[in-house]
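Hi,

Here is the structure I promised to pass on. Have a look at it first, and then read my notes below.

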Amino acid sequence: MAEGIQGRIRRRRVFSERKDILNMYNDAELVKRYRLDRAGILLVTDFVRDAITPPTGRNRAIPAELKVITTLRYLATGKMQLCNGDDIGMTQQAASKMITQTLDALVTPPAAFISRFVKFPRMQDEIRQRKAEFREIANFPEVVGAIDGTHIRIVAPREYEAEYINRKNYHSINVQVVFDARYRILDVVAKWPGSVHDSRMWNECGLKEGFENGTIPRNCHLIGDSGYPSRPWLLTPYLQPRTEIQEAYNRAHKPTRCVVERGIGQLKRRFHVLHGEVRVSPAKTSQIVMVCAALHNLCKERNLDLPDEPDIDQQQLEDRPEEPNHIQPFVPDGVQGGILYRDNFATLHFQPEQ
């Protein structure tokens with residue numbers, strides 16, 4: 001009898017010691033490990049504190065700050081095993097649960113985290129500033145953003161697996177992103193399977209709708225490669241320039257557009273989770289991309305340096321190398337008007353010097 005009672009006695013739980021990360025490291029060390037300084041980590045936490053704070057302090061409930069720190073560590077390294085053990089003092093399963101909860105909170109509209117840090121300029125002062133910054137690169141006028149797509153490698157999903165195989169024959173999410181000349185992200189779409197072409201992503205995105213319905217002011221232009229359709233607000237290169245004006249346009253176009261390639265490189269260098277294979281569902285991968293985009297802009301806002309590591313090989317970053325004979329898969333309605341607009345734009349701004 002006594003043995004039965006003794007067998008039912010609950011064993012005392014043994015907890016690993018949790019480190020006080022915010023007071024353990026200085027700002028430089030925090031940035032190296034988590035990509036944000038102390039004030040930045042607390043700022044992110046404040047956005048989601050209500051959503052991720054445990055309702056009780058029993059059973060050593062994990063505070064909101066530690067959940068955010070764990071999520072940042074995962075995004076910075078892309079390795080779940082580095083989010084436990086030495087840093088956090090919890091199991092990998094617990095760390096995964098915290099990351100999921102924190103990502104959900106960061107992308108949920110009430111938190112307003114994404115919309116606070118990723119937004120396309122609408123005010124004239126902002127637009128003029130963006131145009132001036134782009135013009136400094138190669139004297140290409142009237143541009144506020146450079147657009148491109150990049151593939152984020154994912155593990156083969158359980159559903160619709162074939163749709164996620166891209167043209168390089170691996171599973172991915174195709175992400176559309178717009179950068180300004182200071183490598184800040186102005187817009188990001190991260191919901192399309194890897195088989196979807198950049199031009200389709202563009203034709204069905206909210207940013208295109210904003211240009212069409214006039215909510216984005218006129219005389220704003222994006223700059224993109226030949227994979228995109230020419231539009232009065234989307235300037236693409238000439239595939240076969242035939243005049244001095246067209247050649248001058250292309251010469252200025254190329255270095256101006258390259259901003260987006262370097263911006264994608266910075267984003268993946270800052271958050272290594274985007275550089276390797278993301279081993280979660282497509283839906284959660286989309287959350288990861290959106291959160292990394294907002295965090296990238298927060299780092300820019302706080303003037304935080306990129307990790308002191310070698311640059312990711314640019315050839316690995318580019319999912320579609322620039323090719324002068326890159327042919328659009330289809331010609332959507334209205335593209336001829338875009339080509340005519342581009343001709344007029346080039347004639348107006350790229351006259352050869354006399």
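In this predicted model, helix H8 has 15 residues and spans 22 Å from its first C-alpha to its last, close to the 21 Å expected at 1.5 Å a residue. Its buried residues are Ile-127, Arg-130, Lys-131, Glu-133 and Phe-134. They cover an arc of only 160° around the axis, so they sit on the same side of H8. What do these buried residues of H8 pack against? Their partners are strand S1 (143-153), strand S2 (172-179), strand S3 (185-193) and helix H11 (244-270). The face turned away from the buried side carries Asp-125 and Glu-136, which are exposed. After H8 comes Asn-139, with a positive phi near 65°.

Next, the aromatic rings. The whole structure holds 12 aromatic pairs. In one of them, the ring centres of Phe-120 and Phe-211 are 5.9 Å apart; their planes meet at 75°, so this pair is edge-to-face. Phe-120 lies in the loop between helix H7 (113-117) and helix H8 (124-138), while Phe-211 belongs to helix H10 (residues 206-213), so the pair ties together parts that are 91 residues apart in sequence. Phe-120 is buried, at a relative accessible area of 8%, and Phe-211 also counts as buried, at 8% relative accessibility.

Elsewhere, ring pairs join Phe-140, Tyr-238, Tyr-249, Tyr-341, Phe-345 and Phe-350 into a cluster.

Two arginines are worth a look too. The charged end of Arg-116 sits over the ring of Phe-117, 4.2 Å from its centre, and Arg-153 lies over the face of Tyr-170, 3.9 Å from the ring centre.

Enjoy exploring!

Note on methods. Residues numbered from 1 in each chain as written. Predicted model: local features only at pLDDT ≥ 70, side-chain atom pairs only at ≥ 80, totals over all residues. Heavy atoms only, no water. Phe/Tyr/Trp six-rings, centres within 6.5 Å; stacked < 30°, edge-to-face > 60°. Helix = DSSP H or I, 4+ residues; strand = E, 2+ residues; numbered from the N terminus. Buried < 20%, exposed > 50% of the residue type's maximum accessible area, 1.4 Å probe, protein only. Lys NZ or Arg CZ within 6 Å of the ring centre and 35° of its normal. Expected span 1.5 Å × (residues − 1). Arc of directions from axis to C-beta. Contact = heavy atoms within 4.5 Å.
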